[in-house]
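Open the model in your viewer and keep the selection tool at hand. This tour goes stop by stop, with something to select at each one.

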Amino acid sequence: MSFFRKLFGGGSSQSTSDAGIYLQVRCKRCGSVIRLRIDSRNDLSQRDDDDNFFVRKTLVDDRCYSRIELEAVFNAKRQLINCEINGGTLVAGEENTTTSSY
């Protein structure tokens, strides 16, 4: 059994740090909250004009199937600078009404 764990990576004793940036977006149409994970090592693209990074994501709400467009800009330390959302709003803090995860 340990052969398969080593082969497929399951049950590793090494702890890997989560490189995720978590945002929550509220749908303007139905009000449900979607939790979004952005991988800071793979999802971010560097801009040509400065040292900032950006990401574009399209979310689909699982309650009303509304499409939400998100474009976020991060600095060199992977901290959120600006976030533009079409079809939703950014939610600050944790909320218990999360219906979807991406």
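Start with Leu 70 and Ile 85. Leu 70 has Ile 85 in S6 as its bridge partner. Keep in mind that this is a predicted model.

**Stop 1: around Leu 70**

Leave Leu 70 selected and show its contacts. Setting aside residues up to four places away in sequence, Leu 70 touches Leu 23, Val 25, Leu 36, Val 55, Arg 56, Lys 57, Cys 83, Glu 84 and Ile 85.

Which residues have the most contacts inside the largest nonpolar core? Select Ile 38, Leu 44, Ile 68, Leu 70 and Phe 74. That core has 18 residues. Strands S1 (20-27), S2, S4, S5 and S6 (80-86) each give two or more residues to this core.

**Stop 2: the sheet**

Switch to a cartoon view. Four strands make an open sheet, in the order S3-S4-S5-S6, with antiparallel pairing. S3 and S6 are the edge strands, and each pairs on one side only.

Walk across the sheet from S3. S3 and S4 pair antiparallel over two bridges. Select Ser 45: its bridge partner in S4 is Phe 54.

Val 73 in S5 stands opposite Phe 54. How many bridges pair S4 with S5? There are eight, in the antiparallel sense.

Finish at S6. S5 and S6 run antiparallel and are joined by six bridges.

**Stop 3: two turns**

Select Tyr 65. This residue is in the turn of the hairpin formed by S4 and S5, which has six residues between the strands. Tyr 65 has a positive phi of about 60°.

Now select Arg 78. Here the hairpin is that of S5 and S6, with five residues between them. Arg 78, in the turn, has a positive phi of about 65°.

What sits over the ring of Phe 53? The charged end of Arg 78 does, 4.2 Å from the ring centre. As for aromatic pairs, a search of the whole structure finds zero.

**Stop 4: salt bridges**

Side chains of opposite charge can pair when their charged atoms come close. The count here is four salt bridges. The tour visits some of them.

Select Asp 43 and Lys 57. Their side chains meet in a salt bridge, 3.4 Å from N to O. The pair links distant parts of the chain, 14 residues apart. Asp 43 is in the loop between S2 (33-39) and S3 (45-46), while Lys 57 is in S4 (residues 53-60). Asp 43 is partly exposed, at 27% relative accessible area. Lys 57 is partly exposed too, at 22%.

Next, select Arg 56 and Glu 71. This salt bridge spans 3.3 Å, N to O. Arg 56 lies in S4 and Glu 71 in S5 (residues 67-74), so the pair ties together parts that are 15 residues apart in sequence. Arg 56 is exposed, with 56% relative accessibility. Glu 71 is partly exposed, with 27%.

End with Arg 67 and Glu 69. These two form a salt bridge, and their closest N and O atoms are 2.6 Å apart. Is Arg 67 buried or exposed? Arg 67 counts as exposed, at 58% relative accessibility. Glu 69 counts as partly exposed, at 28%.

Key. Residues are numbered from 1 along each chain as its sequence is written. This is a predicted model: local features need pLDDT of at least 70, side-chain atom pairs count only at pLDDT 80 or more; totals for chains, interfaces and linings use all residues. Side-chain values use heavy atoms; hydrogens and water are left out. Buried means under 20% relative accessible area, exposed over 50%, partly exposed in between (1.4 Å probe, protein chains only). Rings of Phe, Tyr and Trp (its six-membered ring) pair if their centres lie within 6.5 Å; planes under 30 degrees apart count as stacked, over 60 as edge-to-face and the rest as tilted. A charge sits over a ring if NZ of Lys or CZ of Arg is within 6 Å of the ring centre and within 35 degrees of the ring normal. A nonpolar core is a set of buried Ala, Val, Leu, Ile, Met, Phe, Trp, Tyr and Cys residues joined through side-chain atoms within 4.5 Å. Contact means heavy atoms within 4.5 Å. Two strands pair if DSSP finds at least two bridges between them.
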